[in-house]
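Welcome, and please open your viewer. This tour goes from stop to stop, telling you what to select and what you will find there.

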Amino acid sequence: MVFSFRKRAVTEGVSPASTSSREAAEATGAEPLDTLKNFEEQHKLDPNLPIEELRNVDTVLATGDAEKGVQIEATLLEENSPYPEVSAAVRNYDVDLPANTIRAWVIGLILCTVGSAINMLFSLKNPSISVTTYVIQLVAYPIGLLWDMVFPDRQFTVLGVKFNLKPGKFNFKEHVIIVVMSNAAYGGGFLYATDVLIAQQVFYNQHFGWGFQLLFGITTLCTGYGLAGLGRRFLVWPAAMIWPSDLVNASLFYALHDHSPSDPAKSNGWSISRYRWFMYVFGGGFVWYWFPGWIFQGLSYFTFICWAAPNSVTVNKIFGGLHGYGILPTTLDWTVISGYTLSPLIPPFHAVANTVGGVLIFFVFISMGLHFSGHWYADYFVVQSSSAFDNTGAVYNVSRILNEDLILDEEKYHNYSPLFLSTQFALCYGLSFAAASAVIVHVALYHGKQIVSQFKLARRQEDDIHMKLMRKYRDAEDWWYLALFAVMIGLSFAVICAWPTGFPAWAYVVCILIPLVWTIPIGIVQAITNIQIGLNVLTEFIIGYMLPGHPLAMMMFKNFGYITTSQALYFSQDLKLGHYMKVPPRAMFWSQLVASIWSSIVQIAVMNWALGTIPNVCAEDQVDNYTCPQGRVFFTASVIWGAIGPARMFSGDAIYSSLQWFWLAGAVSPVITWFLARRASRSMFPFFRSINMPLVFGGSGMIPPASAYSYLCWGTVGLIFNYFIKRRWNGWWLQYNYITSAGLDCGLLIATIIIFFTLYLTSARLPKWYGNYDVFDTLDQTGMAIKSFVADGETFGPTSWP
């Protein structure tokens with residue numbers, strides 16, 4: 001890919017509605033019609049654009065009414081965003097406020113350091129907890145106010161350098177810088193590279209030293225940042241890339257810094273300020289979580305039918321929420337609803353519908369047919385489990401197939417057992433194959449023209465008012481990001497070649513092609529729907545075929561391939577947040593970069609401190625439960641994919657070879673839906689343009705450890721808010737939906753942190769009653785909803801295997 005480094009546009013003031021531009025359009029006559037024609041071509045298949053707006057454009061183009069075209073052009077492109085959700089959450093004007101201040105950097109780096117250390121340390125513990133950016137967004141606000149009370153608003157001069165510790169009141173642009181630094185540091189929870197390092201050091205007894213660890217951690221984060229910057233023209237600047245999660249953050253920023261009441265005429269009669277509404281929801285969510293979190297834990301998986309028949313295998317398979325199908329999804333715990341898939345109030349309804357549709361089709365209907373017919377030896381397993389099993393139904397014991405060097409021993413492997421998966425887990429792999437191919441074809445068909453146009457236009461594209469407003473700020477140059485990307489690629493080669501990783505340089509070249517190819521397609525889908533298609537299975541699949549028997553290389557390949565893409569999308573989302581909040585791009589660049597590097601150093605230091613200080617750390621019987629659950633799972637995956645390899649599971653006569661057909665299904669299905677959308681009648685067009693096959697296949701990518709039950713609960717809430725409430729009380733929805741989501745998430749997070757540190761880390765005991773103990777004594781909760789068991793000394797399955 002070649003990028004042209006254009007001169008920055010001349011700085012100019014831009015107002016929300018430019019009278020001069022309207023007059024020019026009226027004078028030319030055809031100009032607004034040409035603009036609308038281009039708009040219609042670019043957005044016809046955009047499911048987020050209201051169908052009424054699209055039909056208005058079609059009517060103007062059909063009649064050639066230039067005067068009406070001027071009005072519609074001003075409404076869609078000059079006065080505000082063409083998307084109502086964005087218009088309601090993001091201001092269509094800019095305010096000159098300082099962003100790149102000492103106040104923002106000091107608070108940001110302190111919270112970055114504390115959050116990174118806490119998340120890293122507690123990632124080693126089971127159960128774990130993490131500080132999220134919502135917590136940082138809440139905590140940073142009173143800290144900023146406290147700063148204003150302590151420091152004076154005056155200019156200092158030191159060695160000729162002038163600075164002000166309090167350049168006015170703490171403002172939302174500084175607040176954005178602080179949150180963006182934290183999100184860059186630990187938006188995904190903790191540094192993913194530490195899973196590889198822990199598995200390597202603790203389980204493989206390899207330790208390459210601090211130099212290797214620091215370079216590995218930094219390159220993992222910053223390679224993705226360079227890629228995100230190069231992809232701004234596709235993922236950040238276009239108006240269609242709305243990034244729904246950013247609308248929640250923007251709503252919360254404005255609510256915290258602006259306590260003015262709402263206009264009842266625009267919010268179905270409600271005048272309460274969004275700040276006050278947030279505090280009400282936050283308080284209610286905080287108080288309520290003490291019930292499912294401590295007092296009555298049965299409210300989480302409220303599968304009362306299983307309570308009534310706790311020993312019925314069939315009932316627990318069908319209605320079980322943990323290991324079953326979760327039919328009748330009833331929960332009173334926001335953790336179950338949003339824990340794996342984020343808040344259902346954020347994604348647009350078409351994204352919720354596609355995801356839940358995929359769950360129903362594959363993880364309920366097709367899965368039931370496979371499971372209850374005994375396919376893949378399903379009678380010997382629960383419907384869903386994250387574990388792999390052997391031919392006795394026990395969890396697969398990887399130590400029985402490895403030699404002293406932790407490499408696969410062929411004789412031991414064939415004397416032990418092939419690897420078996422639960423029905424849902426097996427389908428998960430097939431759907432991952434389909435999603436990986438579907439997202440490429442879908443984006444090429446639905447967004448191909450836009451990608452070409454955006455590549456040519458670069459920063460000159462003016463899809464909406466926000467892009468125009470951002471032209472007043474000096475941009476972070478393309479070559480900055482390209483240079484960063486090149487440096488990180490060079491350091492990555494140093495990491496894999498300077499130490500005995502068993503990871504050849506040619507394999508890294510293949511590895512880095514994955515984020516280069518998939519980041520833009522996956523990012524487009526996520527920016528439109530708020531759902532990310534994961535590449536973890538794809539990376540494991542590719543390296544397992546390329547380098548079988550190299551578990552450390554497998555872990556590093558997955559880290560560079562999958563996590564680089566994931567981090568690039570985190571950074572892109574934050575760049576869009578800065579775009580919405582009108583934060584100067586150069587301040588965004590440096591804050592994200594510095595926070596990423598510093599966070600890597602902090603987390604590597606905390607990891608080494610913990611491994612060297614905590615007694616018996618990472619052992620399964622560690623007294624304080626510092627068992628390193630993430631690193632242990634990563635180690636197991638490295639053995640399965642790096643030692644056994646995908647060829648023994650998915651090729652030839654392997655048990656799960658039929659799942660390879662999902663590659664073809666994923667590639668073909670977007671072609672069908674694209675054709676139907678282009679040929680659909682006027683009445684059916686809104687339905688067909690909303691079908692998103694990458695989401696149908698990959699929207700449920702968190703299964704496992706999530707379950708069909710959690711997705712159905714998530715979908716139910718999404719249906720209520722983003723379909724029924726949005727259609728019936730649209731004004732209320734536009735004003736309060738995203739702030740309601742923020743309140744529920746923040747209330748849950750603060751309550752969880754307090755419960756964790758005050759109760760779970762102490763000698764406190766759960767209230768002993770039916771709702772905390774007996775409700776978990778079901779076959780579903782105990783993982784024993786299994787139809788058949790083998791007798792001692794017997795096995796099931798094939799007598800020979802690849």
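Start by selecting cysteine 222, which counts as buried because its relative accessibility is 0% (buried means under 20% relative accessible area, exposed over 50%, and partly exposed in between, with a 1.4 Å probe and protein chains only). Cysteine 222 is in no disulfide, and the nearest cysteine sulfur, that of cysteine 112, is 12 Å away; a disulfide here is a pair of cysteine sulfur atoms within 2.5 Å.

Before moving on, a word on the model: it is predicted, with local features needing pLDDT of at least 70 and side-chain atom pairs counting only at pLDDT 80 or more, while totals for chains, interfaces and linings use all residues. Residues are numbered from 1 along each chain as its sequence is written, and side-chain values use heavy atoms, with hydrogens and water left out.

Now select cysteine 306, which is buried with a relative accessible area of 1%. Cysteine 306 is in no disulfide either; the nearest cysteine sulfur belongs to cysteine 713, 13 Å away.

Which two cysteines does a disulfide join? Select cysteine 618 and cysteine 628, where the S to S distance is 1.8 Å. A search of the whole structure finds one disulfide. The torsion about the S-S bond of cysteine 618 and cysteine 628 is about -65 degrees, so this disulfide is left-handed. Both cysteine 618 and cysteine 628 are buried.

**Backbone stops**

Most residues other than glycine have a negative phi, and most peptide bonds are trans.

Select asparagine 205, whose phi is positive, near 55 degrees. Look for asparagine 205 in the loop between helix H9 (193–203) and helix H10 (210–230); helices (H or I, at least four residues) and strands (E, at least two) are DSSP runs, numbered from the N terminus. Asparagine 205 counts as exposed, because its relative accessibility is 66%.

Go on to tryptophan 243, not a glycine but with a positive phi of about 50 degrees. Tryptophan 243 sits in the loop between helix H11 (232–235) and helix H12 (244–257). Is tryptophan 243 buried or exposed? With 1% relative accessibility, tryptophan 243 counts as buried.

Next, select proline 704 and proline 705, which are joined by a cis peptide bond with omega about 10 degrees. You will find proline 705 in the loop between helix H30 (693–698) and H31.

**Serine 343**

Select serine 343, in the loop between helix H16 (334–338) and H17. Serine 343 is buried, with a relative accessible area of 2%.

Leaving aside residues up to four places away in sequence, serine 343 touches Trp334, Ser338, Trp714, Ser741 and Asp745, where contact means heavy atoms within 4.5 Å.

**A pocket and two cavities**

On a 1 Å grid over the protein atoms alone, a cavity is a set of points where a 1.4 Å probe fits but cannot get out, and a pocket is an open set with protein on both sides within 12 Å along at least five of seven lines; lining residues have an atom within 4 Å of a point. Grid points are joined across faces, edges and corners, and a volume is the space filled by probe spheres set on the points.

Select Pro47, Phe349, His350, Pro686 and Ser690, which lie nearest the centre of the second largest pocket among its 28 lining residues. This pocket holds about 880 Å³ of space. H17 gives the most to its lining, with seven residues.

How many cavities of 30 Å³ or more does the structure hold? There are six. The largest cavity has a volume of about 140 Å³; select Trp237, Met470, Asp475, Leu575 and Pro585, the closest to its centre of the 15 residues that line it.

End at the second largest cavity, with about 80 Å³ of space. Pro47, His442, His447, Ile528 and Asn692 lie nearest its centre, and H22 gives the most to its lining, with four residues.
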